[in-house]
Amino acid sequence: MSEPSQQHEAVASRRSSRLVLRIPRPDDLDFLVALFQRPELVAHRPHPVPDTPAASAERLARDIAHWRQHGFGRWAIEQSGAPIGFGGLTAKPGVEGLNLSYHLDPASWGRGFASEFVAEALAVAFGPLRAGRVIGLVRPANPASRRVLEKSGFVFEREIMLEGAPTQQLARFPQAN
C-alpha cells in the first residue's frame with residue numbers, strides 16, 4: 001500500500017471526462033438532505049422511507065469520518081460544477097475487499113454518469129488502493145444498478161440478506177496483466 005499521504009493525494013480529488021469527485025464537506029449537507037428525500041432514490045431500500053435531515057447529517061458525518069480514518073471513502077460527485085450525487089469505496093466490517101456504492105440524483109439518471117463514476121472508482125480501487133476485490137450490493141428491485149456493475153466487469157457472487165431484504169452481491173477483481 002502507498003504511504004497514507006501519497007495515497008490520500010491520489011484519491012482525494014479525481015476527475016473523469018465529465019465528473020469531478022471530491023471529499024465531502026459539511027456544506028454538502030443541504031444537497032445530501034434533498035437527495036435522500038427523493039422517493040425514487042430510496043425506492044429500492046427494504047423500508048423505502050426518505051431520510052430525515054438528521055439521518056442525512058449522520059450519513060455525511062460517517063462519510064467524512066471514513067476519509068479521516070482510512071484515507072479514502074465516498075466522494076461528492078459533481079458535474080458542470082453542481083453536485084449530482086455521492087459515492088465511493090468503503091471498508092465494511094466483515095467484507096473481504098472494498099464496497100462500492102453510489103447514489104445519484106434522479107435528474108442525472110440515464111446519462112451514463114453511473115458508469116463513468118464506477119469506472120473512476122475502480123481505477124482508484126485497483127490503482128492507488130491496490131484492492132484485491134471490490135463488491136457491489138444491489139437490491140433485485142434495482143436492475144439498472146446491476147446492469148451498470150455488470151457492464152463494468154462485476155459478476156454475480158451470491159444473494160445475501162441485508163437489513164432484512166434480499167440483496168445481490170456482485171464482485172470485481174483486478175485485471176490480470
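Helix axes here are lines fitted to C-alpha atoms over the stretch in contact, and angles run from 0 to 180 degrees between N-to-C directions. Helices (H or I, at least four residues) and strands (E, at least two) are DSSP runs, numbered from the N terminus. The model is predicted, so local features need pLDDT of at least 70 and side-chain atom pairs count only at pLDDT 80 or more, while totals for chains, interfaces and linings use all residues. Residues are numbered from 1 along each chain as its sequence is written, and side-chain values use heavy atoms, with hydrogens and water left out.

Take the helices to begin with. Helix α5 (residues 113–126) packs against helix α6 (residues 143–151) at about 45 degrees, the axes lying 10 Å apart. That makes α5 oblique to α6 (under 35 degrees is roughly parallel, over 145 roughly antiparallel, 65 to 115 roughly perpendicular, and the rest oblique). On the α5 side, Ala114, Ser115 and Val118 make the contact, and on the α6 side Val148, Leu149 and Lys151 do (contact means heavy atoms within 4.5 Å).

Now for the strands, where pairing takes at least two DSSP bridges. Strand β2 (residues 19–22) sends Leu19 and Leu21 one way and Val20 and Arg22 the other, and all are buried (under 20% relative accessible area, with a 1.4 Å probe and protein chains only). Strand β1 (residues 13–15) pairs with β2 in the antiparallel sense over 3 bridges, and a hairpin of 3 residues links β1 to β2. Ser13 sits opposite Arg22 of β2. β2 also pairs with strand β3 (residues 74–79), again antiparallel, over 4 bridges, and there Val20 stands opposite Glu78.

Note on methods. Buried means under 20% relative accessible area, exposed over 50%, partly exposed in between (1.4 Å probe, protein chains only).
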